[in-house]
Amino acid sequence: MTHQKFQMFIDGNWRDAGDGGRFTSLNPANEEDWAEVPEATVQDVNDAVEAAHRAFTEGPWPRMKPAERGRYLRRIAECVRPLTEELGRLETIDTGKLLRETRWQAGNVANVYDFYSGLADKIHGYVPVSSPDDPFMFTMREPVGVVAGIVPWNSQLQLAAYKIAPALAAGNSIVIKASEHASCALLEFAKVFAEADLPPGVVNIVTGGGVPCGQTLTSHPLVNRITFTGGVDTARKVIPNTASNIARLSLELGGKSPVVVFDDTDLESATNGIVAGIFAASGQSCAAGSRLIVQDGVHDALIERLIEKAESIKIGDPLAEETQMGPLATQGQRDRIETLLEQSIAQGAELLTGGKRPAAFNKGYYFEPTIVRCEHQKLPVVETELFGPVLSVLRFKDEAEAIALANDSDFAFAGGIFSRDIARALRVARRIRSGRLWINTYRVTSAQVPFGGFKRSGYGREAGIDSINDYTELKSVFVETSGEPVADPFVMR
Ligand code: NAP
């Protein structure tokens, strides 16, 4: 394919980096350099934040009627729908994620904008109950101001939409930093904002590394709210930045999600759910169900099916419709997985299938679907988020042990429960500490339902109705209605 060149979107204009700096994007399926992306300077990031600040303080966006903002969001959704194939292709070439999935996600981006379009004029405060002698009291919700959004390399379009759409619906302006490993689909997507005639500076997209781009953005004094999605180690670098700008922060971090399978499970259904949870997207999902916890009675039969299924997965070009698993996104990602797997095997984990680069490919960051049996949870492959197609397996005897194993993790982003006994599944769901749980399914999602984690998986929620309030400030107003003048404060009554 022809080499492509992308530009940043700042203040309604397309721009290269101020110093002309660029980085290249490698296609993970063939390691070819296919695109160039600007590497933002500190000044470029400052320009983007200042543009967003001007759009918020001087521009029409926060002053517009909320229903009018909703119409803009609807227009964005309409502009995206004809582009889903093209955006999906770009994201696939950028990240190695299957086209089948990136195309679907690009379509879902339109759904997210539609969803928040409908909410733009449904944000409200409240009037608390009071006595007729009390002052009249009410609360109102106002936009926060300038939002900084940081997205990781997986699912760049969709994750950015879950930040941009509610922020805009609530009347804010926003600067998004894409990952240096995957920026192209998001930069292409920015054309939609121009096409929808969004006022300049309301949305700005900058590209560049964590330092200086992400660091400058999250520590900027004009930023009022930060929504970060990425790994916990990076989050630990972002948190201190808010000590200076006191920006409100939400963190969508990683996971090490348990999938608990009881003896009475429909095996075919559980096998499909587990495979969807760990091998779809090559395991590069915050919600990946990477810790399988199986009851003794069904253990051997389930493992046999899983191995058979894993070994039949068609690995290949992520653009091809028949491919079931593509490559990992970066060389570094594959190296890290190999190291952690090797350490785990040295410490006693038993490799049941996979564990190496598939022989059929001498290019591309491919890695086989991998299953490892573990006797305990204190192994790197069980404790650490690998972000790859590696499933650890542990067994349990009873419900109490399953819950204890499921909760024995620093992370708590998602999880799955498979059982025909719905009362038991619900009982267990109430005891597993996690931001999202699936019962007898996995990986199903909707713009209507929030996601986010407990523990080291972060704080705050994205998607759903509640997320919009996270992009507002709550203001309280007291109004004296007695008709009496304010009494002299120095005269005691
Ligand atoms: P990452 O390395 O933490 O990077 C996330 C973002 O932070 C990237 O844009 C990165 O830029 C940027 N960044 C790096 N250093 C920074 C700094 N000092 N200040 C500000 N920003 C900085 O994560 P990743 O490897 O891209 O993504 C994988 C992680 O994201 C996994 O842990 C996954 O579970 C998590 N994730 C969570 C969710 C969720 O909803 N909870 C969704 C998807 C992914 P560069 O890439 O340019 O370095």
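Predicted model: local features only at pLDDT ≥ 70, side-chain atom pairs only at ≥ 80, totals over all residues.

Author: Let's start with the polar side of things: between domain 1 and domain 2, nine residue pairs are in polar contact, with both partners at pLDDT 80 or more. On domain 1's side of that meeting place, helix 3 (84-95) and helix 4 (99-119) are the elements that give two or more residues. As for what the residues on that side are like, they split into nine nonpolar, seven polar and eight charged.

The charges bring us to the salt bridge count, which is one between domain 1 and domain 2.

Domain 1 is made of two stretches, 4-253 and 457-477, while domain 2 runs over 258-439. Their contact draws 24 residues from domain 1 and 25 residues from domain 2.

In terms of area, domain 1 and domain 2 bury about 2,100 Å² between them, and 57% of that lies on carbon and sulfur atoms. Within domain 1, the residues that lose the most area to domain 2 are Glu 31, Trp 153 and Ser 457, which together make up 26% of what that side buries.

Three strands make an open sheet with mixed pairing, in the order 1-5-4. Strand 1 (4-5) and strand 4 (22-27) are at the edges with a single partner strand each, so each has one side left without a neighbour in the sheet. Strand 1 pairs with strand 5 (residues 32-38) in the parallel sense, over two bridges. Here Lys 5 stands opposite Glu 36 in strand 5.

Most residues other than glycine have a negative phi, and most peptide bonds are trans. Against that background, look at the bond joining Val 211 and Pro 212: it's a cis peptide, with omega at about 10°. Pro 212 belongs to helix 8 (residues 210-219). Then there's Asn 440, a residue other than glycine with a positive phi, near 55°. You'll find Asn 440 in the loop between strand 19 (438-439) and strand 20 (454-455).

Terms used. Residues numbered from 1 in each chain as written. Heavy atoms only, no water. Domains from an automatic or database assignment. Contact = heavy atoms within 4.5 Å. Buried area = accessible area lost by both parts, 1.4 Å probe. Salt bridge = Lys/Arg side-chain N within 4 Å of Asp/Glu carboxyl O. Polar contact = N/O pair within 3.5 Å; in protein donor to acceptor, adjacent residues only side chain to side chain. Helix = DSSP H or I, 4+ residues; strand = E, 2+ residues; numbered from the N terminus. Nonpolar A, V, L, I, M, F, W, Y, C, P; charged D, E, K, R; others polar. Pairing = 2+ DSSP bridges.
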